[in-house]
Amino acid sequence: MSYLSILAFALVLFAFVRVLFFTPVEQTMGLVQKVFYFHMSAAWVGMLAFLAAAAFGILYLSRKDLKWDTLTAASVEVGLLFTIICILSGMIWARPIWNTWWTWDPRLTTVTIMAFTYIAFILLRRGVDNPARRARFSAVYAIIGFISVPLTFFSARLLRTIHPVVFGGGETEMNLNAQMVATLFISLAAFTVLYIALLLQRARLMAQQEELNQQMAAVDSDYDWGE
Amino acid sequence: MAQTLNYFIAGYAVILGLLAAYCVILFLQSRKIGRALASLKKDSVQPHLENAN
């Protein structure tokens, strides 16, 4: 386990303890409001991961180094994990607050489109065997797929929505006191470090898997099949 | 104040549970790939030793 992984684990633990014991309970929603700190952090990291994937895609197209392709795929996978965490935790928050698990609100709809865009990325990528073609496809897809990210981010600000906005939301803006804001920023930092740690671990594993595939292919071609 | 303790527990169970599950998957995959690479390395060294004998 790397030092970064240990740091990420410690930061998430610290953020969780702070959410539990050092952040006041919101008066109207009660304890479920505390889900928001990790919910928003997961949403932020999901979008950051897709932005990074698009940046890695641009780097691959300009430098043709498969290292950037590995990072693109790893970033999409980790980003999708955080997006699914965001959607599920949001549904659990919505049940007592909106009295429903799900509604086709603009923010919920756009985040679902974003998630399916990247699920399709993972499925389609598996269908391409040639590494160079797969990398080119992934890079272009990650860049075009990124359109879904600003669409999701601005949906709660530009369209009529019941989804709360934390900063700059006007009427729908959440009222957070100083302790709540501090906890939110600690959670955001913890999840960002966790994203980097998971991204590097996943990219290392993907590179090792590729090396294993190449070695196995070499062994297969060297083997005398008795023909 | 609304009584929402159960939803709070469910929310964090989902968040931390999914993160833990992903870490376990990465760990198991890392072990599997490590073993496969070590086994391939052993297989490629073995014929050389047999030839030397």
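1. **Ground rules.** Residues count from 1 along each chain as its sequence is written, while chains are lettered from A and ligands numbered from 1 in the order in which they are written. Because this is a predicted model, local features need pLDDT of at least 70 and side-chain atom pairs count only at pLDDT 80 or more, whereas totals for chains, interfaces and linings use all residues.

2. **Confidence.** The model comes with ipTM 0.90 and pTM 0.91.

3. **Overall build.** Helices (H or I, at least four residues) and strands (E, at least two) are DSSP runs, numbered from the N terminus. The C-alpha trace of chain A spans about 75 × 40 × 35 Å along its principal axes. Chain B has one helix and zero strands.

4. Of the 227 residues of chain A, 40% count as buried; for the 53 residues of chain B the figure is 11%. Buried here means 20 or more other C-beta atoms within 10 Å of the residue's own, exposed means 12 or fewer, and partly exposed is in between, with C-beta atoms placed from the backbone. Take the chain A contacts (C-beta atoms, placed from the backbone, within 7 Å) between residues at least 6 apart in sequence: 80% of them join residues at least 24 apart.

5. **Helix α1 of chain A.** This helix runs over residues 3–21, and at 1.5 Å a residue its 19 residues should span 27 Å; the end C-alpha atoms are 27 Å apart, which agrees. The expected span is 1.5 Å times one less than the number of residues. Ala8(A), Val12(A), Ala15(A) and Val19(A) are buried in α1(A). Viewed down the axis of α1(A), the buried residues fall within an arc of 60°, so they line one face of the helix; the arc is that of the directions from the helix axis to the C-beta atoms. The cover over these buried residues includes α2 and α7 of chain A. On the face turned away from the buried side sit exposed residues, among them Tyr3(A), Ile6(A), Leu13(A) and Phe21(A).

6. **Helix α3 and two positive phi values.** α3(A) has 33 residues and reaches 46 Å from its first C-alpha to its last, close to the 48 Å expected at 1.5 Å a residue. After α3(A) comes Asn99(A), with a positive phi near 65°, in the loop between α3 and α4 (106–126) of chain A. Asn99(A) is exposed, with 8 other C-beta atoms within 10 Å. Lys64(A) is not a glycine but has a positive phi of about 55°; its place is the loop between α2 and α3 of chain A. Lys64(A) counts as partly exposed, with 13 C-beta neighbours inside 10 Å. For context, most residues other than glycine have a negative phi.

7. **The core.** The largest nonpolar core has 63 residues, and those with the most contacts inside it are Ala42(A), Ala49(A), Phe50(A), Phe82(A) and Tyr195(A). Such a core is a set of buried Ala, Val, Leu, Ile, Met, Phe, Trp, Tyr and Cys residues joined through C-beta atoms within 7 Å. Elements that each supply at least two residues include α7 of chain A and α1 (5–52) of chain B. α2(A) gives the most, with 17 residues. Leaving out residues up to four places away in sequence, Tyr195(A) touches Val45(A), Leu48(A), Ala49(A), Val78(A) and Phe82(A).

8. **A histidine in α2.** His39(A) lies in helix α2 of chain A and is buried, with 22 other C-beta atoms within 10 Å. Not counting residues up to four places away in sequence, His39(A) touches Cys86(A), Ser89(A), Gly90(A) and Trp93(A).

9. **Where the chains meet.** The contact takes 28 residues from chain A and 21 residues from chain B. On the chain A side, α2 (35–63), α3 (66–98) and α7 (178–222) each supply at least two residues. That side has 17 nonpolar, eight polar and three charged residues, where Ala, Val, Leu, Ile, Met, Phe, Trp, Tyr, Cys and Pro count as nonpolar, Asp, Glu, Lys and Arg as charged, and the others, Gly among them, as polar.

How values were computed: Contact = placed C-beta atoms within 7 Å.
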